[in-house]
Amino acid sequence: MDADYDLLIIGGGINGTGIARDAAGRGLSVLLVEMDDLASATSSKSTKLIHGGLRYLEYYEFMLVRKALNEREILLKAAPHIVQPLKFILPHEAHLRPKWMIRLGLFLYDHLGKRERLPGSKQIRLEGNDPDNPLYPRFTDGFTYYDCTVDDSRLVVLNALGAKDRGASILTRTKFISARNEGDHWRANIASGREITAKVIVNAAGPWVVDIIDDGLSLPTQNRLRLVKGSHIIVPKLFDGKDAYILQNKDGRIIFAIPYRRNYTLIGTTDVPFEGDPALVRISTEEIDYLCHHINAYFRKTLTPDDVISHYAGVRPLFDDATEKASAVTRDYVLALREDGGAPLLSIFGGKITTYRELAEEALNKLSDHLPHMGVNWTAQARLPGGAISDMDDFIQAQQMQYPDIEPALITRYAHRYGTRMDAMLKAWRKDAHLIGPGLYDYEATYLINQEWATTPEDILWRRTKLGLTWSEDDVQSLEGWLKSHI
Ligand SMILES: Cc1cc2nc3c(=O)[nH]c(=O)nc-3n(C[C@H](O)[C@H](O)[C@H](O)COP(=O)(O)OP(=O)(O)OC[C@H]3O[C@@H](n4cnc5c(N)ncnc54)[C@H](O)[C@@H]3O)c2cc1C
């Protein structure tokens with residue numbers, strides 16, 4: 001029998017959408033179902049780094065670090081509008097890790113993977129008593145190295161757009177309910193009583209991956225997840241400049257303090273074992289205290305929980321490698337393919353935002369015997385939607401000249417959100433456009449509804465843009481009212 005689709009993908013996080021884009025580009029017919037919004041779970045709750053993971057070297061995860069370091073360069077090129085280099089300052093704390101150990105770690109970090117665009121690491125003198133130095137003067141030595149920062153939820157949306165451009169069907173707010181094996185294919189029930197057939201199911205449900213196998217498919221599996229909560233706080237900016245800080249803690253963990261959206265600092269993260277419904281994960285007061293306490297050990301400006309203007313928490317769906325400590329569980333992924341003669345099921349355990357592209361490639365290569373008509377690897381050289389930009393500054397300047405009637409700051413924001421697709425978004429621009437709330441005009445909201453699957457204020461304010469940080473309750477209500485009359 002001819003199935004409706006080659007692939008049914010469950011989950012619209014980074015891994016599901018990454019696989020959908022790759023598969024559609026190989027000529028496969030793809031349906032992706034996401035029960036909520038794209039990136040509504042873990043993929044919008046990250047530290048927003050495309051990084052090798054300096055810390056993982058201590059756990060001898062050389063292969064993972066190498067893979068991730070290589071991906072930094074690929075993603076910088078594929079999506080320069082949403083991925084930018086970020087310099088990290090690591091203040092030296094002699095009693096936590098000796099200098100030779102950090103030097104060795106950074107040497108490996110510089111050389112394990114391909115590094116074309118990002119500068120190498122350095123040992124530096126910190127500014128001691130200089131009044132502009134945000135750190136306590138006792139920190140006299142440090143190191144610098146580079147990774148990248150990314151708008152995580154937009155990376156997911158770009159992958160979904162890339163999949164759609166190549167013919168994939170992406171259904172948000174559509175839950176996968178169950179499926180049964182019928183000969184060489186699956187018959188699946190999805191929300192609203194719809195039934196579809198697919199040759200292969202890819203289970204990219206993140207923290208719910210085991211629930212899909214246990215409850216939705218009623219299949220046995222030995223693989224388990226370790227759910228580890230991680231939380232972040234956002235505070236008014238703690239320091240000037242564009243560089244981020246990586247801070248060592250006595251418990252062996254590290255905390256990042258990252259410049260965020262010009263006026264803020266993003267601080268995270270924690271590692272707390274998690275049980276329960278991942279959709280209900282929330283930061284605890286203990287985590288807020290922990291993050292403030294840790295920051296106060298380094299920065300002169302005292303941070304209290306009252307300074308926190310926003311926060312978020314997510315659940316890492318880590319592959320359970322039986323490690324005791326939550327922060328030490330492997331961050332690498334495992335692709336589990338069921339091949340017992342029935343229709344194939346590929347389940348994704350673990351993975352990082354950073355490694356999603358490689359994960360998708362590996363996932364499809366694993367399925368090649370079952371889908372022999374699929375094309376070859378292609379994503380390493382391809383740009384993500386809007387990403388065909390060689391120099392971001394030149395691009396922004398050209399856009400400001402092309403749209404002289406639009407405020408330059410707005411053009412800069414659009415450039416970083418839509419890249420070369422901002423022309424499509426601005427097609428409906430008018431001088432008398434309606435301002436729905438701070439920074440959001442009706443033409444942009446309409447584009448997000450029509451092209452990017454947005455349906456709620458949260459989709460628009462937190463995942464397609466980050467305007468939510470500065471919006472009041474009244475502003476959100478205005479948007480809600482506007483959406484009711486426009487969807
Ligand atoms: C605190 C924290 C910080 C992190 N920082 C970084 C970082 O800086 N860099 C980095 O590279 N990685 C980071 N990560 C890791 C990264 O965020 C995750 O590994 C990644 O987002 C997982 O993506 P996913 O697609 O597997 O899962 P998810 O994003 O959770 O997506 C799974 C999707 O499946 C959907 N779903 C579930 N069940 C169903 C169903 N029945 N039907 C339909 N849809 C369903 C869910 O709604 C969800 O949207 C961090 C993680 C956390 C928690």
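Student: Why is Asp 320 called partly exposed?
Tutor: Asp 320 has 16 C-beta neighbours inside 10 Å, so it counts as partly exposed. A residue is buried if 20 or more other C-beta atoms lie within 10 Å of its own, exposed if 12 or fewer, and partly exposed in between, with C-beta atoms placed from the backbone.

Student: What kind of model is this, and how is it numbered?
Tutor: This is a predicted model, where local features need pLDDT of at least 70, side-chain atom pairs count only at pLDDT 80 or more, and totals for chains, interfaces and linings use all residues. Residues are numbered from 1 along each chain as its sequence is written.

Student: Where does Asp 320 lie, and with which residues is it in contact?
Tutor: Asp 320 sits in the loop between strand 16 and strand 17 (334-338). Helices (H or I, at least four residues) and strands (E, at least two) are DSSP runs, numbered from the N terminus. Leaving aside neighbours within four places in sequence, Asp 320 is in contact with Arg 224, Leu 225 and Arg 226. Contact requires C-beta atoms, placed from the backbone, within 7 Å.

Student: Why is Lys 427 called exposed?
Tutor: Lys 427 has 9 other C-beta atoms within 10 Å, and is therefore exposed. Its place is in the loop between helix 10 (422-425) and strand 19 (435-437). Lys 427 and Tyr 443 are 16 residues apart in sequence and 8.3 Å apart in space, C-alpha to C-alpha.

Student: Which residues of helix 9 are buried, and what covers them?
Tutor: In helix 9 (residues 408-418), Ile 411, Tyr 414, Ala 415, Arg 417 and Tyr 418 are buried. Their cover includes helix 4, helix 8 (392-402) and helix 10. Just after helix 9, Gly 419 takes a positive phi of about 55°.

Student: What makes a set of residues a nonpolar core?
Tutor: Such a core is a set of buried Ala, Val, Leu, Ile, Met, Phe, Trp, Tyr and Cys residues joined through C-beta atoms within 7 Å. The largest one has 118 residues, and Leu 7, Leu 8, Ile 9, Ile 10, Ala 20, Val 30 and Val 202 touch the most other members. Helix 4 (residues 152-165) supplies the largest share of this core, seven residues. Not counting residues up to four places away in sequence, Val 202 touches Leu 7, Ile 9, Ile 10, Ile 19, Leu 346 and Ala 363.

Student: How many helices and strands does the protein have, and why is it called as compact as a globular protein of its length?
Tutor: The secondary structure comes to 13 helices and 20 strands. The radius of gyration is 23 Å, close to the 23 Å that the globule rule gives for 487 residues, so the protein is as compact as a globular protein of that length. That radius is taken over C-alpha atoms, and the rule is 2.2 Å times the number of residues to the power 0.38. Of the 487 residues, 46% count as buried.

How values were computed: Two residues are in contact if their C-beta atoms, placed from the backbone, lie within 7 Å.
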